[in-house]
Amino acid sequence: MAVYRFQGGAFEKLADSLDDLDKTFADWDRPIEAFAEQKGMHLLDEVDSVYQVFTRVPGKKVFSRLREYRWWFRLTDVMDVADDVLIEDSLPDYLAFMGLIQPLVVRARDVALEVKGGGQ
């Protein structure tokens, strides 16, 4: 449930939770997409039980620590426990991080196919 910055192939822990990073999160009782929208971010992509990635809405004037980053990944597991990874405006960092999570995406796809096929 921690928040990390990913830069240059390394992770740096920024906070123990999203609420520690952005003090308004603990009181949030709506979907995460609504929280992101309030912070000037919108949903770019998602893979169930793996991640959601949000990106900045260009030109939106909102004060939020999340706006310091171009991409915000919310990694989840089947129990909906989440860790957050923030990436600044760096395509190499974004692509490197996508490469790191690719095995999780493949595994989620394989499990979904197995369940759909009845395990055969």
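Reader: What makes strand S3 (residues 41–47) and S4 count as a pair?

Author: Two strands pair if DSSP finds at least two bridges between them, and here six bridges join S3 to S4, so the two antiparallel strands meet that condition. The strands themselves are DSSP runs of E with at least two residues, while helices are runs of H or I with at least four, and both are numbered from the N terminus. This is a predicted model, in which local features need pLDDT of at least 70 and side-chain atom pairs count only at pLDDT 80 or more, whereas totals for chains, interfaces and linings use all residues. Residues are numbered from 1 along each chain as its sequence is written, and side-chain values use heavy atoms, with hydrogens and water left out.

Reader: Which residue of S4 is the bridge partner of Asp45, and which residue of S5 is the partner of that residue?

Author: Asp45 has Val53 as its bridge partner in S4, and Val53 in turn has Phe73 as its partner in S5. S4 and strand S5 (residues 71–76) are antiparallel and share five bridges, and Tyr51 stands opposite Leu75 in S5. Leu75 also stands opposite Asp83 in S6, where six bridges join S5 to the antiparallel strand S6 (residues 82–87).

Reader: Why is S4 said to be largely enclosed by the rest of the structure?

Author: Buried means under 20% relative accessible area, exposed means over 50%, and partly exposed lies in between (1.4 Å probe, protein chains only). Five of the six residues of S4 (residues 51–56) are buried, and therefore the strand is described as largely enclosed. S5 is mostly covered too, with five of its six residues buried.

Reader: Why is Glu33 called partly exposed?

Author: Glu33 has a relative accessibility of 32%, which lies between the limits of 20% and 50%, so Glu33 counts as partly exposed. Its place is in helix H2 (residues 32–38).
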